[in-house]
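Visitor: Please display the model, and let us then discuss it by question and answer.

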Amino acid sequence: MIDTHIHGDARSGEDFKEMYLSGIDAAVTCAFYPYKIDNETVLLNHLMRILNYDTKRAKEHGLDLKVALGIHPANADTNSELIYENIYRWIENKDIVAIGEIGLEDLTENEYAVFKRQLDIADETKTNVIIHTPRKNKKEVLDEILNILPEHISPEYVVIDHINPNVVENVISTDYTLGLTVQPQKMDKYEAISILDEYGFDKFLLNSDISNKESDPLSVPKTVRELAKQGFNQKDIDKIAFKNAEKFFKF
Ligand SMILES: [Zn+2]
């Protein structure tokens, strides 16, 4: 199985071990610093730590951590040029499988500028992006994101994440890949399964988004097992468990 969106830097080795023993082979760990950053070298250090340190910690427990780096909207208030330079370098070195997570949160001017610039870099370098949608004002922010995307990036590179039953209708007919996050306080496995049952398995990736907030490191295997228990077709289950992720991220 592949967990397509986690924050490994906020989690323990025990979590990695449990994930691995529960059948998760690989996970995509994304950038997000939960405390205010007012200096770009501190942000760069956070990103380098994910790339060089957390991947190693995960490996010690068997988990293959793929890396997405970029400027999360909550961290958009520094001078970002230093980070953009490094994003180009990481892409060239094949250090990262996506720019992410990026997106909009409070719709500030800085957020818009940083989001658009990272989309442009992704499109120019043919790199995937993982796009965050917030808990609050999800519909409003998603509409903003959907307005911006066509001017900046080809849909084949885009996953819009944290899609839930309230907004799935807004994106289901687009060409974007869609992320389902099964997490306490966000969406439970039954809601995720009802989306898959209604809209099919082809467009979706599955993840836990484990972070410093309340999380369940095993939400991907729990959802996959529940699908099997409910008698869904194994071919469909494989798509959401790993095949769609392998195809999108080109693992
Ligand atoms: Zn996240």
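Visitor: In which strand is Glu101 found?

Guide: The model shown here is a predicted one. Glu101 lies within residues 98-103, and that segment is strand 4.

Visitor: What is the omega of the peptide bond from Gly100 to Glu101?

Guide: Most peptide bonds are trans. The bond that leads from Gly100 into Glu101 is instead cis, and its omega is near -5°.

Visitor: Where is Lys126, and is it buried or exposed?

Guide: Lys126 occupies the loop between helix 4 (109-125) and strand 5 (129-132). Its phi is positive, near 55°, although the residue is not glycine. Because 11 C-beta neighbours lie inside 10 Å, and 12 or fewer is the criterion, Lys126 counts as exposed.

Visitor: How are helix 3 and helix 4 oriented to each other?

Guide: Two packed helices are described by the angle between their axes and the distance between the axes. For helix 3 (residues 81-92) and helix 4, the axes come within 11 Å and cross at roughly 25°. Angles under 35 degrees count as roughly parallel. Helix 3 and helix 4 are therefore roughly parallel.

Visitor: Which residues of helix 4 make the contact with helix 3?

Guide: The crossing of helix 3 and helix 4 is right-handed. On the side of helix 3, the contact involves Tyr84, Ile87, Tyr88 and Ile91. On the side of helix 4, it is made by Arg117, Ile121 and Thr125.

Visitor: Which residues does Trp90 touch, not counting those up to four places away in sequence?

Guide: Trp90 belongs to helix 3. It is partly exposed, because 19 other C-beta atoms lie within 10 Å. With residues up to four places away set aside, Trp90 touches Leu69, Asp95 and Ile96.

Visitor: With which residues is Lys116 in contact, leaving aside neighbours within four places in sequence?

Guide: Lys116 is placed in helix 4 and is partly exposed, with 16 other C-beta atoms within 10 Å. Its C-alpha is 15 Å from that of Leu69, a residue 47 places away in sequence. Once neighbours within four places are left aside, the contacts of Lys116 are Ile148 and His152.

Visitor: What distance separates the C-alpha atoms of Leu178 and Phe204?

Guide: Leu178, in strand 7 (residues 177-181), has 21 other C-beta atoms within 10 Å and is therefore buried. Beyond its neighbours within four places in sequence, its contacts include Val159, Ile160, Ile163 and Phe204. Leu178 and Phe204 are 26 residues apart along the chain, and their C-alpha atoms are separated by 4.8 Å.

Visitor: How is helix 7 oriented to helix 8?

Guide: The axes of helix 7 (residues 189-199) and helix 8 (residues 219-229) come within 10 Å and cross at roughly 55°. This angle makes helix 7 oblique to helix 8.

Visitor: Which residues of helix 8 make the contact with helix 7?

Guide: The crossing of these two helices, helix 7 and helix 8, is right-handed. Helix 7 contributes Lys189, Ala192 and Ile193 to the contact. The residues from helix 8 are Ser219, Lys222, Thr223, Glu226 and Leu227.

Visitor: Against which elements do the buried residues of helix 8 pack?

Guide: The buried residues of helix 8 are Ser219, Val220, Pro221, Thr223, Val224 and Leu227. They pack against strand 1 (2-6), helix 7, strand 8 (204-207) and helix 9.

Visitor: Where does helix 9 bend?

Guide: Helix 9 (residues 234-249) has 16 residues and spans 22 Å from its first C-alpha to its last, close to the 22 Å expected. Its buried residues include Lys239, Ile240, Ala241 and Phe242. The helix bends by about 55°, and the site of the bend in helix 9 is Ile240.

Visitor: Which residue with a positive phi follows helix 9?

Guide: Most residues other than glycine have a negative phi. The residue that follows helix 9 has a positive phi, near 55°, and is Lys250.

Conventions. Residues numbered from 1 in each chain as written. Predicted model: local features only at pLDDT ≥ 70, side-chain atom pairs only at ≥ 80, totals over all residues. Helix = DSSP H or I, 4+ residues; strand = E, 2+ residues; numbered from the N terminus. Expected span 1.5 Å × (residues − 1). Bend = angle between axes of the 7 residues up to and from the residue. Buried ≥ 20, exposed ≤ 12 C-beta atoms within 10 Å, placed from the backbone. Axes fitted to C-alpha atoms, helices over the stretch in contact; angles between N-to-C directions. Parallel < 35°, antiparallel > 145°, perpendicular 65-115°, else oblique. Left-handed = near helix turned anticlockwise from the far one by under 90°. Contact = placed C-beta atoms within 7 Å.
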